[in-house]
Amino acid sequence: MKLALRIIGYLTLVGLGFALIQLPKPLVPEQRGAVEATASVDPMPLNAYCPGPLAEVGGEQGTDLGAIERVGKATFNLWGADAQAQENGGLLVSVEGKEQSTKLLSANQTQAISRERLSGLAASYCPMPQVSGYFVVGDSGPGSESVLHLANPNDVDLMVDLELVLESEVATDRISLAAGEHKLVSLVALSSAESSFVLRYQTSGLPVAAFMQLREVSGLSATGVALVPPTQPISQGAIAGLVVGENAIKSPTLRVFNPGLEDVELNLQAINSDDFELIQIRVPAGVLLEETLNLPAGVSLISFEAASELVLSVRNDVISPKVDFEWLLPTSVFERDLYLQAPGSTELVISNPGLKPINLIIESSTSQEVSVAGRSSLLVPIERGPLKIAGFGFMASLNVLSNAGYAVIQPTEMRNIGESIQVFVR
């Protein structure tokens with residue numbers, strides 16, 4: 001009996017195996033008739049926002065409680081004759097086009113100001129609005145002032161959440177922005193008048209334009225202004241455009257913030273024409289650190305790498321021809337031609353973060369071909385007007401130094417998601 005049952009079971013398994021073999025196999029997408037296709041998608045209009053004139057807090061004498069208003073006049077330097085500009089406090093520029101880049105839209109602004117409590121040169125590239133960003137340059141200590149410029153370029157109202165990382169706490173606030181509204185926010189109260197803090201902003205959905213204005217005074221003398229766009233956490237990159245003067249009043253200062261939950265080791269190289277310095281900094285989780293960079297006079301390229309994302313910025317001070325300062329951010333590497341409108345006679349700083357030399361063609365009032373060795377920088381005098389840098393693998397910034405003060409314009413790539421996508425059609 002047991003033998004018969006075994007034979008029946010064996011035959012059943014064999015039959016089941018043949019049945020499974022005969023079942024139709026599932027078809028992969030190609031066998032089902034799937035066709036790969038490319039579809040064109042028009043990207044959204046390319047937008048840039050310039051913050052406009054600087055803000056003065058407390059009136060001309062600084063004694064008007066709660067007073068904050070724009071003073072002076074900003075100069076907008078716009079590339080793209082077909083751009084549609086709309087001024088509402090700042091300058092919103094919008095351009096439609098499939099081939100999006102700085103060739104389609106590139107804008108920056110400058111403002112020279114000389115008042116008792118606000119003096120120097122403030123300049124900034126006008127980037128695309130973002131839904132979130134960081135500022136590690138905040139300072140509301142004695143003699144310093146931080147003002148946040150917020151603008152809503154959209155047709156609907158928005159809420160913007162602010163988070164300030166202070167030495168002993170995290171302060172929060174929420175700002176409402178009506179459609180098209182530009183607000184000036186003094187940060188002295190929210191920052192508890194601390195001499196260094198981090199600000200992070202996050203919108204309720206759509207992008208906003210954000211800039212931090214910084215002002216310093218020494219005694220009764222205004223000693224500089226800066227207008228800084230936001231930045232994002234990154235794990236590796238470089239800060240280009242750092243030109244240390246022969247008579248610098250103090251060494252450049254690095255600020256680095258760790259937004260993560262674990263400590264991070266930062267490896268940083270300061271590369272100049274003669275040598276390089278290797279700096280290692282351990283950045284605790286949730287902490288903002290400052291480090292003095294003892295760099296020689298001349299151009300330096302700050303290259304950095306970490307295991308996780310950090311937020312960095314470097315402050316540079318000058319004393320001649322006027323006391324002023326600027327904060328430099330991690331710089332974009334351009335993989336295609338860069339277009340700019342130079343605000344005046346200035347110096348173009350070209351940096352090559354790679355190991356191999358690169359060849360570029362610089363077109364301004366004249367055309368010249370330059371070669372930049374690996375991990376090095378080059379200074380090129382530039383006149384006011386249209387500027388094109390043809391090539392790839394380079395970083396660029398405009399070092400503006402005049403009797404009005406000192407500023408650095410750091411361009412970024414301008415591009416929305418779009419152009420073409422690949423799809424499978426069944």
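Figure 1. Look for Ile249 in the loop between β18 (234-244) and β19 (253-257); strands here are DSSP runs of E with at least two residues, helices are runs of H or I with at least four residues, and both are numbered from the N terminus. This is a predicted model, so local features need pLDDT of at least 70 and side-chain atom pairs count only at pLDDT 80 or more, while totals for chains, interfaces and linings use all residues. Residues are numbered from 1 along each chain as its sequence is written, and side-chain values use heavy atoms, with hydrogens and water left out. Together with Ile319 and Val323, Ile249 makes a nonpolar surface patch of about 210 Å². Patches are built from residues with over 30% relative accessible area and no salt bridge, joining like charges within 9 Å and nonpolar side chains (Val, Leu, Ile, Met, Phe, Trp, Tyr) within 5 Å. Ile249 itself has a relative accessible area of 40%, which makes it partly exposed; buried means under 20%, exposed means over 50%, and partly exposed is in between (1.4 Å probe, protein chains only).

**Figure 2. Ser192 and Ala193, two residues with positive phi.** Most residues other than glycine have a negative phi. Ser192 isn't a glycine, yet its phi is positive, at about 55°. Ala193 isn't a glycine either, and its phi is also positive at about 55°. You'll find Ser192 in the loop between β14 (182-186) and β15 (197-203), and Ala193 sits in the loop between β14 and β15 too. Ser192 is partly exposed, at 42% relative accessible area; Ala193, at 40%, also counts as partly exposed.

**Figure 3. An open sheet of 3 strands.** The strands line up in the order β5-β8-β9, with antiparallel pairing; two strands pair if DSSP finds at least two bridges between them. At the edges are β5 (75-79) and β9 (119-125), each pairing on one side only. From one strand to the next, the twist averages 10°, using lines fitted to C-alpha atoms as axes and angles from 0 to 180 degrees between N-to-C directions. Strand β8 (residues 106-114) runs antiparallel to β9 and is joined to it by 7 bridges. To get your bearings, find Thr110, which stands opposite Ala123 in β9.

Figure 4. Glu265 is partly exposed, with 31% relative accessible area.

Figure 5. Arg336 meets Glu413 in a salt bridge, 3.2 Å from N to O. Glu413 lies in the loop between β32 (405-409) and β33 (419-425), and Arg336 in the loop between β24 (324-328) and β25 (338-342), so this pair ties together parts that are 77 residues apart in sequence. Glu413 is partly exposed at 26% relative accessible area, and Arg336 is partly exposed at 26% as well.

Asp337 has a salt bridge with Lys388, at 3.8 Å from N to O. This pair links distant parts of the chain: Asp337 is in the loop between β24 and β25, while Lys388 is in strand β30 (residues 385-390), 51 residues away. Lys388 is partly exposed, with 21% relative accessible area, and so is Asp337, with 27%.

**Figure 6. A salt-bridge network of Glu216, Arg315 and Asp317.** Salt bridges link these three residues in a network. Of its 426 residues, 46% count as buried.

Methods. A salt bridge is a side-chain nitrogen of Lys or Arg within 4 Å of a carboxyl oxygen of Asp or Glu. Accessible areas come from the Shrake-Rupley method with a 1.4 Å probe; for residues, only the protein chains shown count as cover.
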